[in-house]
Structure formats: C-alpha cells, structure tokens
Amino acid sequence: MTIRITGTGSALPEKIVTNFDLQELVETSDEWIRERTGIAQRRISMGETVATLSAAACQRALEMAGKTAEEVELILVATCSPEMLLPCCACQVQDIIGASHAAAFDLNAACSGFLFALNTAYAYMQSGIYKNALIVGSEVLSKLVDWSDRGTCVLFGDGAGAAFVEASAEDIVRDNGRKVGMECMVQGSDGTKGMVLSCAERPVDNAFISEKQTISPYIQMNGQEVYKFATRQVPACIHQALDKAGITAEDVDMFVLHQANVRIIESVAKRLKADISKFPMNLDKIGNMSSATIPVLLDELNRGGRIQDGNRLVLSGFGAGLTYGATVIVW
Ligand code: UT7
C-alpha cells in the first residue's frame, strides 16, 4: 500500500510587514533581523483567520488533486492559534469547503504540528480506517505576539498550507526505482522543556474562585534555549529517520525544514554533512508561521515545479512542547 501527497495548497494574508515597518514599533533594525534570522518580511492578518486561510489552502490542494470536498474522509488541522476553542478549526473548515462526509479535528504540536498531523493520517490510512485526508498547518500568530517584545515580534507571520493525502492499494514505482509514498516517520516530545516557548490560555476561573489570576496572553520565549534544542534535535531525528529508512543524507534530494531561522537550517545542513542547496528556504519572505511553514514551502516547491517525480524529501520540524519530527517521502 502507498500513501502519497496528491495535492498541495497554501494561503497567505495580503498584508506584508517588512523589517523596516517593525523598526517603527520596537528598537530593532532590518540588519539585526536579517543577520540573526534571515527574515526580511512576513504576512500579517488584517482579518483573515486560521479557519479562512485553512479553507483556502484546502480548496487549492483539492483542486490540484482533482478531488471534490465531498470525497474527503478526514480533515486534520494543526494549529496553536485557533480563533475558537469550540468548534475546532477543522470543523469550521469542513463547513466552509463543504466536506460533509469527513471526520474533522484539530491537533496542536506547535511548529511540528503539520508533521504530527501527517503522521496521524498515515497511521489511520495504514490501518485502513480512512483512504484519504486533508492535512493542514495554519496559524494567525500575530494575535499571540506581544508587539512590544522585540525578541519575538520580529520572528512570526501568519498563513496556512495544506496537503491532500491518499492511500492507494497498488505500489507506484518511479523511473529511478523508488517507490512513491511515505517511507518512514520519527516524532517525539520533551515536555520537561515546555516553558522555554509558551503562550497561556485563560487561567482557571469560575464562580467558586475569589482570587483572580492574571497571566500574559502572549508568546514568551527563551530564544537561545529553543535554538540549542533545534540545532541538536533536528539533525538527530533526521538521522533516526534516515536510519529507519535504510538510507543516508546523500539519498535525499531535498530537506524541507521548519522555517524558523536561516542559521538553524544552516547548522542542520552542516551536521548532516549535506549541501545547503538541498535546503530550500522561503522564510525571508514570510517568516516563521509555526505549523504552516512546512506545508507552505512544500506547496511553493510543488507549484514551482521544483519537486520531480521520484525525488526523496525529508520534512522535519521542531517547536513548542517541545516537539520534533522527521518524515521521509518519495514524490
Ligand atoms: O518555531 C520555533 C520558534 N522559535 C525559534 O526558532 C527561536 C530560536 N532562536 C532564535 O532564532 C534566536 O535565539 C533569536 C533570533 C530569537 C535571537 O537571536 P540570538 O542570536 O540568540 O540573540 P540573543 O537572544 O542572544 O540576543 C542578543 C542581543 C540581546 O541584547 P544584549 O543583551 O546583548 O544587549 C537582545 O536583547 O540582541 C538583542 N535583541 C535584539 N536586538 C535588535 C533581541 N531581539 C532583538 C531585535 N532587534 N529584534
């Protein structure tokens, strides 16, 4: 049995906010942001929501796959910034696109969310429960960012990416002898380090509590700790995934990594002893969109004709939780 991505889509807010715009808000500079992160601009919502961006990305993925919304069996939305606690974003997407036969739920693994959702769909399909799924990574982080905190507000952006995944009974073998589909996945979490990147929801409050708690509703981050985690854990889990698939970094055509920081990506490339040209990047234009970065980049590469049939891709991410994952796919 083969499980493959047959459609990709993405949606970004119209509004572009440059580093120069941020200079007007906090004590920072275009030079600092570019040198430390590689980011030059990001898209910021002026009303687009996690649900509307997700739905637009899903519609594009379905169109590419040549499927109708009614054929979708499962919708998984990975997000840490939904507008609504109830209903979940996946059910909102189901409603907007008209996927009346799908089961739909959200999943939060922060920046690793798209991968965790893809792996969840993979498990459902391997066990024969569903034959297809829409997998989405979607965020409007701009509402979780403290716009007076220069340590975080320069990093994040808003957007959504989606992939349509299908199971097929017959193996598809490409000209280079590689079998199409997901080859293996590795995922993990380290909750002991959770507070290095956090964002609180409402505190416990009810009719029986007289002392009210006050909490910051914004993203708090120890950037250096997250950096250390990413540069150690991402290459380690990619190595694990490569070992599991019985291949080496040389057998991989493209590493589609979470787009958080160009220095993190360069460090991963170095540790894997892989050429940096195998690591496509788009974070200069759209910043870190958490769960959306991997599917948005995947869609950009796919639509731009940069992924050839038979290419082997490693998708890998890390994020709050802390969470991490790597998935090996032959296109
Ligand atoms: O999806 C996961 C999300 N998170 C991440 O990926 C974060 C990973 N970490 C990073 O990318 C980096 O740690 C940052 C880009 C966040 C920060 O870069 P850094 O090289 O680790 O800088 P730093 O935190 O050590 O700060 C160096 C200096 C500090 O000033 P002092 O104490 O040396 O005077 C900061 O206050 O840079 C200052 N600084 C800034 N200066 C100008 C911090 N943010 C800014 C800013 N503009 N935006």
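**View 1. Polar contacts between the protein and the ligand.** A polar side-chain atom of Asn261 lies 2.8 Å from an oxygen atom of the ligand. Gly223 places a backbone N or O atom 3.0 Å from a nitrogen atom of the ligand, and a polar side-chain atom of Trp32 lies 3.4 Å from a nitrogen atom of the ligand. A polar contact is a pair of N or O atoms within 3.5 Å; within protein, one atom must be able to donate a hydrogen and the other to accept it, and residues adjacent in sequence count only if both atoms are side-chain atoms. On its own the ligand has 950 Å² of accessible area, and the protein covers 72% of this. Accessible areas come from the Shrake-Rupley method with a 1.4 Å probe; for residues, only the protein chains shown count as cover.

This and the following views show a predicted model, in which local features need pLDDT of at least 70, side-chain atom pairs count only at pLDDT 80 or more, and totals for chains, interfaces and linings use all residues. Residues are numbered from 1 along each chain as its sequence is written, and side-chain values use heavy atoms, with hydrogens and water left out.

**View 2. The shell around the ligand.** The ligand is surrounded by 21 residues, the closest being Thr28, Arg36, Gln224, His258 and Asn261. By class the shell has 9 nonpolar, 8 polar and 4 charged residues. Here Ala, Val, Leu, Ile, Met, Phe, Trp, Tyr, Cys and Pro count as nonpolar, Asp, Glu, Lys and Arg as charged, and the others, Gly among them, as polar. Helix α7 gives the largest share of the shell, 4 residues. Helices (H or I, at least four residues) and strands (E, at least two) are DSSP runs, numbered from the N terminus.

**View 3. The two domains.** The domain assignment gives domain 1 (2-168) and domain 2 (181-330); such bounds come from an automatic or database domain assignment. The centres of the two domains, taken over C-alpha atoms, are separated by 14 Å. In domain 1, 54 residues are in contact with 48 residues of domain 2, where contact means heavy atoms within 4.5 Å. Each domain supplies at least three residues to the shell around the ligand.

**View 4. Asp30 in helix α2.** Asp30 has its place in helix α2. Asp30 counts as buried because its relative accessibility is 12%; buried means under 20% relative accessible area, exposed over 50%, and partly exposed in between (1.4 Å probe, protein chains only). Not counting residues up to four places away in sequence, Asp30 touches Asn19, Phe20 and Gln23.

**View 5. Ala65 in helix α3.** Ala65 belongs to helix α3 (residues 50-65). With a relative accessibility of 17%, Ala65 counts as buried. Residues up to four places away in sequence aside, Ala65 touches Thr6, Gly7, Phe164 and Glu166.

**View 6. Ser198 in strand β9.** Strand β9 (residues 197-198) contains Ser198. Ser198 counts as buried, at 17% relative accessibility. Its contacts, leaving aside neighbours within four places in sequence, are with Tyr218, Ile219 and Gln220.

**View 7. Helix α10 and the residue after it.** In helix α10 (residues 293-303), 9 of the 11 residues are buried. Among them are Ile294, Val296, Leu297, Leu298 and Leu301, together with Asp299 and Asn302. Gly305, which follows α10, has a positive phi near 70 degrees.

Key
Near = heavy atom within 4 Å.
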